[in-house]
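Please keep the structure open beside them as you go.

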Amino acid sequence: MERACFTFEIYPDKADEYKKRHDEIWPELVEEIQKAGLKNYSLFRRGTQVIAYVEAHPDVATAFGKIGPTEVNARWSKWFEDVILSLVDEDGNLYWAEEVWHLD
């Protein structure tokens, strides 16, 4: 298992919509997330910044490699284009945060 954290920005006037869409998350997306090996997935928001934490099984590359190309992930990502301001850098990579410390 590999822990991962990344951040991204939503549009300033879209905080309520961002929350609403996650309150109504699609069951088929949840199923694909779980099948990909992503567990203990949490999203936190501070103003327009969203902080994501997830535990990837067996590792980040494998789990994100499984969920990335799914049809439901593509539809979800498209649906959020009017909500998320910046999800990836100029090279298409998530804004990963480096783990500094962990306590079990």
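1. A salt bridge is counted here where a side-chain nitrogen of Lys or Arg lies within 4 Å of a carboxyl oxygen of Asp or Glu. Please bear in mind throughout that this is a predicted model. With that cut-off, the side chains of Glu 17 and Arg 21 form a salt bridge, the N to O distance being 2.7 Å. Because Glu 17 and Arg 21 are 4 residues apart in helix α1 (residues 15-23), about one helical turn separates them. Glu 17 is partly exposed, at 27% relative accessibility, whereas Arg 21 is buried, with a relative accessible area of 6%.

2. This pair also belongs to a network of salt bridges that links Lys 14, Glu 17, Arg 21 and Asp 82. The whole structure has 10 salt bridges.

3. Helix α1 holds another such pair, Asp 23 and Lys 19, which are 4 residues apart, or about one helical turn. Their side chains meet at 2.5 Å, N to O, and both residues are exposed.

4. A further salt bridge joins the side chains of Lys 78 and Glu 81 at 3.2 Å, N to O. Lys 78 counts as exposed, at 54% relative accessibility, while Glu 81 is partly exposed, at 48%.

5. Turning to helix packing, α2 (residues 27-36) and α3 (residues 60-67) pack at an angle of about 150 degrees, their axes lying 8 Å apart. The contact is made by Glu 32, Ile 33, Lys 35 and Ala 36 of α2 together with Ala 63, Lys 66 and Ile 67 of α3; by class, 4 of these residues are nonpolar, 3 are charged and none is polar.

Conventions. Residues numbered from 1 in each chain as written. Predicted model: local features only at pLDDT ≥ 70, side-chain atom pairs only at ≥ 80, totals over all residues. Heavy atoms only, no water. Axes fitted to C-alpha atoms, helices over the stretch in contact; angles between N-to-C directions. Helix = DSSP H or I, 4+ residues; strand = E, 2+ residues; numbered from the N terminus. Contact = heavy atoms within 4.5 Å. Nonpolar A, V, L, I, M, F, W, Y, C, P; charged D, E, K, R; others polar. Buried < 20%, exposed > 50% of the residue type's maximum accessible area, 1.4 Å probe, protein only.
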